[in-house]
Structure formats: C-alpha cells, structure tokens
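Visitor: I have a structure to look over. Could you take me through its helices and aromatic rings?

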Amino acid sequence: MRPETSAWKKFRSALERYGFAALVVVAMVGATVIGVTATVPPDLPVFALRSRSLYQVEVAGGCFLVFYIPLLAFVLALNGRGFTQLGPRGLKAEQVVNHQQLALKGQEERIESLKDDVGLTAAALRAVYEQLREDVKELRTRLDMLDRKG
C-alpha cells in the first residue's frame, strides 16, 4: 500500500468535512427545480390551501425528502451506522457495525492461517524425522560393521 500524498489527504479531509453538506445542497436545488417546474393541476388540492405557490413548495419538500432520506442512510452506512428506531422523536441512528465482531472475524482468519502454517510445519517435520530415521539406521549399520571388524 503506497503512502497517501498530501494533496489526497487534503481532498479527503475536505470531502469528509463538506461532502454531506454539498450533497444536501444538491438535493435542495434539485427539489426546488422540480417543485418550481411541477405541473399544477387546474383544481388545486385542499392540502395546498388552493394556493399554487404552496402546492409547489409542498412538491419541492416531498422531493427533498425523497432525495434526503436515502442520502442520509448512505452517509450513515459509510460510517458504520444505520437507522435503528423510528419514533415520535424521528429516526434514531446508532452504531450498527460491531467492531468486536470485526476483530473476532479477523482473529478467526488469523487462526485459520496459523492452522495451515502448523500443518505445513508438521509435514516438514515428518519429512525431517523420516530422513533422520534413515540416517540413524545407516549409522547403526556402519557401527555394527565397525564392531565386527574391530
């Protein structure tokens, strides 16, 4: 992994600091454009108090929510958080990624890797043991021959 350059660090820091705000501004502008260009029905609904402007504001507000909620969920997910409660105080976001579980998973992977290493080491030791056994047999044979000659 190569070290991060200074320019990349500055860009990343600015993105972390201002990225969500910039996306919210884009959502607001998009919702406003949709609200202003929305086709107003000839018979204005009662919930808009029969006002053309209020109808457009309500359309823009609805579009903003349609953009904002998935955007918020995405940004929370990038930080390992998520919506966990919906109640009278609104949505509640909590940490949903358990760092202990991630650490345990990493430890399990390391244990599996160590098991593989132990298996390879055991196989190598068996080969060395067999070679030593053959060498000891050969040395005993030579020692017996020397005893007979002597």
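**Helices and rings**

Guide: Trp8 and Phe11 are both in helix H1 (residues 6-37). They sit 3 residues apart, about one turn of the helix. Keep in mind that this is a predicted model.

Visitor: Why does Trp8 count as partly exposed?

Guide: Buried means under 20% relative accessible area, and exposed means over 50%. Trp8 falls in between, so it is partly exposed, and its value is 43%.

Visitor: Why is the pair of Phe64 and Tyr68 called stacked?

Guide: Phe64 and Tyr68 both lie in helix H2, 4 residues apart, about one turn of the helix. Their ring centres are 5.3 Å apart. Planes under 30 degrees apart count as stacked. The pair is stacked because its planes are at 20°.

Visitor: Which residues form one aromatic cluster?

Guide: Tyr68 is partly exposed, at 24% relative accessibility. Tyr68 belongs to one aromatic cluster; its members are Phe20, Phe64 and Tyr68.

Visitor: What span does helix H2 reach from its first C-alpha to its last?

Guide: H2 covers residues 52-78, which is 27 residues. At 1.5 Å a residue, 39 Å is expected. The helix comes close to that, reaching 39 Å.

Visitor: Which residue just after H2 takes a positive phi?

Guide: The phi is about 75°. The residue is Gly80.

Technical notes
Residues numbered from 1 in each chain as written. Predicted model: local features only at pLDDT ≥ 70, side-chain atom pairs only at ≥ 80, totals over all residues. Heavy atoms only, no water. Helix = DSSP H or I, 4+ residues; strand = E, 2+ residues; numbered from the N terminus. Expected span 1.5 Å × (residues − 1). Buried < 20%, exposed > 50% of the residue type's maximum accessible area, 1.4 Å probe, protein only. Phe/Tyr/Trp six-rings, centres within 6.5 Å; stacked < 30°, edge-to-face > 60°.
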